[in-house]
Structures are given as structure tokens and as C-alpha cells.
Amino acid sequence: MSQAHGYAATSADAPLAPFVFERRTPGPHDVQMDILYCGICHSDLHTARNEWQNTIFPSVPGHEIVGRVTAVGSEVKGFKVGDLAGVGCMVDSCRTCPSCAAGEEQYCDNGFTGTYNGPLFGGGENTYGGYSDHVVVDERYVLRVTHGTDNLAAVAPLLCAGITVYSPMAHWQVGPGQSVGVVGLGGLGHMAVKIAKALGAHVVLFTTSESKREDGKRLGADEVVISKDPEQMAAQAGKLDFILNTVAASHNLDPFLNALKRDGAMVLVGAPEHPHPTPTVFNLIMRRRTIAGSLIGGIAQTQEMLDFCAKHGIVSDIEMIEPRQINEAYERMLKGDVKYRFVMDLAKLDKAA
Ligand code: NAP
Ligand code: ZN
Ligand code: ZN
């Protein structure tokens, strides 16, 4: 066992605070790494505040991890000490069910083990995530970081935000000639704009924030629509092939469904605390539209996404924080006041705290 330092929530209404816990000694298939950077996902906040009512406390969030390998087990083939490595949202799954066999471990029939808040297979303790100094993970769930070393902090958010938007775009075959809507310009949304653009689509960003209009264009959107303005929304009616909805709060889906063409699909990746009040069924029936959901992405596809982003020079737009600033960062994230992902610099973790 090794002693780990991190930040944890001890209850739904307690601010995150320094926390000391133990990590396992690396087994034959394990990779141990020092965490360099960890992105701050809205799911971390939903979990720390028990908004999905499944949080095991104490909870150490963080599933957008980039680190440097410090030890490997005797059977590890893909990593050696000194390598850069990434860990996303999963650290284990059953490996035998049809979903695992298909490389879609996120849909494991027996439930994948989350990087945090995930009971381990075979029972036992809670998992603790990346708001911490090091982590030990089976190499099957560790990613290779193929970006250069100069902007590693900005690579970390790809491990959740990047794959969560890439996976549905791959599944619904987003590409050239298609018009793609992205709803919400937050951590996921800004990655969706960049990736949809790199895939060759015409990108329409829907934002509630007039102040994000210019950024939307800079990030790659061909059009920016202020979703609170009914006239601007009406002008998009029937224009889009695919919409990725990343909004973290309950909202009316109908105005976005109206923007879909016949046979268009809107995929929900935002996971709000409270249900959406819609859709109106007629909005689906009249043009054979689809609403679907999508959860992160499998390990092989996460590697594919990292390699795609490295090839296209895609990273996240980030604002770096020290671990002790995490509670303030959550408050700002709730206000949509982050451009566009907070990343925690673990070198600044105060282990004496
Ligand atoms: P985020 O950075 O907070 O971004 C969410 C964006 O949604 C905001 O920037 C804002 O964009 C928009 N928004 C927020 N409140 C809104 C409201 N009341 N009405 C309309 N728009 C609103 O969050 P994130 O990290 O990107 O995560 C987004 C959601 O995806 C969260 O619920 C998270 O848990 C979930 N998630 C799901 C998966 C998955 O596998 N499905 C993976 C990761 C995260 P504008 O200012 O542009 O309007
Ligand atoms: Zn996440
Ligand atoms: Zn499985």
C-alpha cells in the first residue's frame, strides 16, 4: 500500500478538503503513475454534491488524468517507468460480457468500475479519482498520451470531455456534408465544436451566453445561435442532421428537436440532476426524429480519440487551478464561468495540509 494525498468531499454539502488515503501496491498488471494534471468535469460536481444520489463518501472526484508512470507490474507490456499515460472514467469492467468483448466497456453488463465512486469488482472499497497525487490502474484501462509534452494540462480534459463527444459523433457517423449542432459551450461543448469541425462538419453552436459568441467562432463554429432567442432558434428549423446536447441542467428540448431534419438525431450527453420537461412526442413523430443518449466511450475508442486529437492538434482550452481552489472552481462552473475547462495542477498539492 502507498499513502495518497488528495481532495475529498465527505458529505453532499461539505466543501472538498484535503484527504489522506491508501492506494494498492501495483499488482502484476498494474501501472502506477504520479498525477500531473486532472481536469474538472461537471460530473465531479454532480458526484461531490450527491446530485445523482449514488455517491459513496468520502468521495475523491477526478477522471481526466494525465500522469507519468512511476512503477509497473511484472506482466505490464505497454508502459514503462517514465512514460506519459492517461486515465479516463473507467478503471475496470467485467471483461467478459458482450459489451466488454465489443470494446464498449462503458456499457459493461455487470457495471464498469468508475475511476471514482466505483465499487471494485469482487466487492470492497470505493475508488478514488484524480484529485490526488498518484493512482494505480490495470494497464488495460490506461491510455497512451501521444500529444507532445508542451501542453499536457490541456490534454487531460480529452480523457472524459473529449471521448464523451467523440464517441457519439463516431457512432452517428458525423462527417463532411453534415450540419451538426452543439448545445452548451462548456467543457464538453467546446470539445464537441473542435472535434465536429475537425471531422469536416458544418458546426452550429447553441449557447445561452451572448458573451461566448466570439469564442464559439474562434473554436470552430460556423454559426452561433443564442438559444434564448426564439427568432434565432426558429431560423434553424429543420436544418441539422445531428445535435449533441451537453447541457448540465434540465431544460426544454423541443426548440432543439425542431432544428433537426427528417431522420435527424439529438444525442443527450448532459446528465442533469432533474429530468427534462420534454420532448413533445409530435416533434419526434413528424420527422421521424430520434433522441438518444451516450455514455463516455470504450478504451480502444478513447485511444483512437486521443490519437485523432494529437493528429489534428486538438487540446482543451483550459484554466489552471491549484487543488485548494477546487470549491471556488465548482461555483464558477455552475455559473458557466469557465473557459472552458478547469484543470488541477497536482504539483501544487499541499501535502502538509
Ligand atoms: P459545463 O462545463 O458546466 O458545461 C455545461 C454548459 O451547459 C454550460 O457551459 C452552459 O453553456 C450550458 N448550461 C448550463 N446550465 C444551463 C441551463 N440552465 N440552461 C441552458 N444551458 C445551460 O459541464 P460539462 O463538464 O461540459 O458537462 C456537461 C454535462 O455532461 C454534465 O451534466 C455532466 O455530468 C455530463 N457528462 C456526461 C458524460 C456522459 O458520458 N454522458 C460525460 C461527462 C459529462 P452555455 O453558457 O453555452 O449555454
Ligand atoms: Zn467527466
Ligand atoms: Zn462487461
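Predicted model: local features only at pLDDT ≥ 70, side-chain atom pairs only at ≥ 80, totals over all residues.
**Entry 1**

The side chain of E331 meets that of R49 in a salt bridge, with 2.7 Å from N to O. Where do R49 and E331 lie? I found R49 in the loop between α1 (42-48) and β4 (65-72), while E331 belongs to helix α10 (residues 326-334), so the pair ties together parts that are 282 residues apart in sequence. R49 is partly exposed too, as its relative accessible area is 27%.

**Entry 2: other salt bridges**

A reminder to myself: side chains of opposite charge can pair when their charged atoms come close. Searching the whole structure, I get 21 salt bridges. One of them joins the side chains of R24 and D30, at 2.8 Å from N to O. Is D30 buried or exposed? D30 has a relative accessible area of 6%, under the 20% cut-off, so I note this residue as buried. R24, in contrast, is partly exposed at 38%.

I also checked E210 and R213, whose side chains form a salt bridge at 2.9 Å, N to O. For E210 I read 48% relative accessibility, which counts as partly exposed. Then I followed bridges that share partners, and these join K194, D215, R218, D317 and K339 into one network.

**Entry 3: around ligand 1**

Next I turned to ligand 1. How many residues surround ligand 1? I count 28, and the closest are H42, T207, T208, S209 and R341. By class, the shell divides into 13 nonpolar, 13 polar and 2 charged residues.

I then asked which parts of the chain supply the shell. Helices α1 and α4 (187-198) each give at least two residues, and the largest share, 3 residues, comes from α1. At the domain level, domain 1 (1-158 + 316-346) and domain 2 (160-291) each contribute at least three residues to the shell.

**Entry 4: contacts with ligand 1**

I listed some distances to oxygen atoms of ligand 1. A polar side-chain atom of S209 lies 2.6 Å from one such oxygen. From the backbone, an N or O atom of I296 lies 2.7 Å from an oxygen of the ligand, and an N or O atom of G187 is found at 2.9 Å from a ligand oxygen. How much of ligand 1 does the protein bury? Taken alone, ligand 1 exposes 920 Å², and the protein buries 87% of that.

Notes. Residues numbered from 1 in each chain as written. Chains lettered and ligands numbered in written order. Heavy atoms only, no water. Salt bridge = Lys/Arg side-chain N within 4 Å of Asp/Glu carboxyl O. Buried < 20%, exposed > 50% of the residue type's maximum accessible area, 1.4 Å probe, protein only. Helix = DSSP H or I, 4+ residues; strand = E, 2+ residues; numbered from the N terminus. Near = heavy atom within 4 Å. Polar contact = N/O pair within 3.5 Å; in protein donor to acceptor, adjacent residues only side chain to side chain. Areas by Shrake-Rupley, 256 points an atom, 1.4 Å probe, with all protein chains shown as cover. Nonpolar A, V, L, I, M, F, W, Y, C, P; charged D, E, K, R; others polar. Domains from an automatic or database assignment.
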